[in-house]
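Open your viewer, get the sequence panel ready, and keep a hand on the selection tool.

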Amino acid sequence: MAEKITFTKENTYSGSLILVTPKLPLGGIVDEAGLQPISLKSGVSNQPDILLKKQAAEALQALLSDIGGKDEIAAVSGFRTQREQEKIWEASMEENGEIFTRKFVAIPGHSEHQSGYAIDLAENSPEIDFICPSFPHRGIFQRFRERMADFGFVERYAAAKEGITGIGAEPWHFRYVGYPHSVIMANNGMALEEYIKFLRNNTGWGHPYIFREAGNRIEIAYLSLENDIAVSLELPKGENCQTSGTNEGGVVLTLWREA
C-alpha cells in the first residue's frame, strides 16, 4: 500500500539538512519546543542549558557514550536565538574588529546555531575561548572526529572548503545532518553545500542515490519546490521515510528499504 504525502514550500525551511550560510539566511521559525538540553559540561561559566534539536542532542549523547569522552569534552555553544547571535556579533565587532568577526562569527540570521543543529565543542580546560575554542586533532578529540559520521555529525567548516562555505576553518564547530548523509559527505569529502548540490543535480523521485548498509537499501532523492507549487508523492506505507528541507528551494527524501 502507498501513502500520499504533499510537500509545499514551507517544508523546505526545516530539517537537519537545511543550509544556513553567509548568503542564505535561516528560513522560517525554529520550533524551540523541539529543543532539549545536552548533559555535557559547559565550557562557559554562568551559561544556561546548552540546547540542540532533539535528534541532534540524542545523537551527540550516543556519540560521547561510544567514545567515552564526556569528561574531556566541554560544550561551548549550541542553539542561539536571534538576539543572542546579535549580542555575540556586536561584542566580537567591538573586541576583535570586522575582519576577524566576519571570518568566525555568522551574521545574525545567518548562523547555523540558530537552527538548533550546530554545536561548538572544546577541550575541557579552565580557560576556553568562546569564539575560537580549542578542539585538537589528537586523543579523544580525534576519536570524536573518527566516529562522528556514524552518529550523523560532520565537521562543518573545513580549511579546504573556505571558498565554498564562506566561513573560516572552525575545527570546533560540528553540525548534525543525520545518517547516512554524514557518512556520504565524509566518504566523498563534501561540504554540505556540495552535498545538496550533488543531490539536486543528480537525483529525483524515481532515480535516487543508493546507499547500502547491512540489510538495508537507503534511497535518497531531491525534490524541487522552487516554483511554489505543491507536490504530492505516493510513498510506501510502513517503510521508514525521513524528509528534510534544504532552505534553498528543495526537500530531500530518505527512504529505508530492505535490501
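**Before you start**

This is a predicted model, in which local features need pLDDT of at least 70 and side-chain atom pairs count only at pLDDT 80 or more, while totals for chains, interfaces and linings use all residues. Residues are numbered from 1 along each chain as its sequence is written, and side-chain values use heavy atoms, with hydrogens and water left out.

**Stop 1: helix α2**

Select residues 82–96, which form helix α2. Helices here are DSSP runs of H or I with at least four residues, strands are runs of E with at least two, and both are numbered from the N terminus. How far apart are the end C-alpha atoms of α2? They are 21 Å apart, which agrees with the 21 Å that its 15 residues should span at 1.5 Å a residue. The expected span is 1.5 Å times one less than the number of residues.

Now colour Gln 85, Ile 88, Trp 89 and Ser 92, which are buried in α2. Buried means under 20% relative accessible area, exposed means over 50%, and partly exposed is in between, using a 1.4 Å probe and protein chains only. Turn the view until you look down the axis of α2: its buried residues fall within an arc of 100°, so they line one face of the helix. That arc is taken from the directions from the helix axis to the C-beta atoms.

On the face turned away from the buried side of α2, pick out the exposed residues Glu 94 and Glu 95. Just after α2, click on Gly 97, which takes a positive phi of about 90°.

**Stop 2: the enclosed space**

Next, look for empty space. Rolling a probe the size of a water molecule over the atoms shows where empty space is left. On a 1 Å grid over the protein atoms alone, a cavity is a set of points where a 1.4 Å probe fits but cannot get out; a pocket is an open set with protein on both sides within 12 Å along at least five of seven lines; lining residues have an atom within 4 Å of a point. Grid points are joined across faces, edges and corners, and a volume is the space filled by probe spheres set on the points.

How many cavities of 30 Å³ or more does a search of the whole structure find? The search finds 1. About 180 Å³ of space lies in the largest cavity. Select Arg 80, Phe 104, Ala 106, His 113 and Glu 170, which lie nearest its centre among the 18 lining residues. The helix from the first stop returns here: α2 and β7 (170–176) each supply at least two residues of the lining. The largest share, 3 residues, comes from β7.

**Stop 3**

Move on to the largest pocket, which holds about 490 Å³ of space. Of the 31 residues that line this pocket, show Ser 14, Gly 15, Ser 16, Tyr 117 and Thr 243, which lie nearest its centre. The elements giving two or more residues to its lining are β11 (241–245) and β12 (250–258). With 4 residues, β11 gives the largest share of the lining.

**Stop 4: Thr 12**

Select Thr 12, in the loop between β1 (2–7) and β2 (35–37). Is Thr 12 buried or exposed? Thr 12 counts as buried because its relative accessible area is 1%. Its side chain reaches the backbone oxygen of Lys 9 at 2.7 Å. This is a polar contact: a pair of N or O atoms within 3.5 Å, where within protein one must be able to donate a hydrogen and the other to accept it, and residues adjacent in sequence count only if both atoms are side-chain atoms.

Leaving out residues up to four places away in sequence, Thr 12 touches several others, including Ile 18, Leu 225 and Thr 246. Contact means heavy atoms within 4.5 Å.

**Stop 5: Thr 203**

Go to Thr 203, in the loop between α7 (192–202) and β8 (209–213). Thr 203 is buried, with a relative accessible area of 8%. Two polar contacts can be shown here. A polar atom of the Thr 203 side chain lies 2.7 Å from the backbone oxygen of Leu 199, and the side chain of Thr 203 reaches the backbone nitrogen of Tyr 222 at 2.9 Å.

**Stop 6: helix α4 and Gln 142**

Finish with residues 139–148, helix α4, where Gln 142 lies. Gln 142 is partly exposed, at 25% relative accessible area. Beyond its neighbours within four places in sequence, Gln 142 is in contact with Pro 136 and His 137. The buried residues of α4 include Ile 140, Phe 141 and Phe 144. Show the elements that the buried residues of α4 pack against, among them α1 (54–67) and β4 (73–77).
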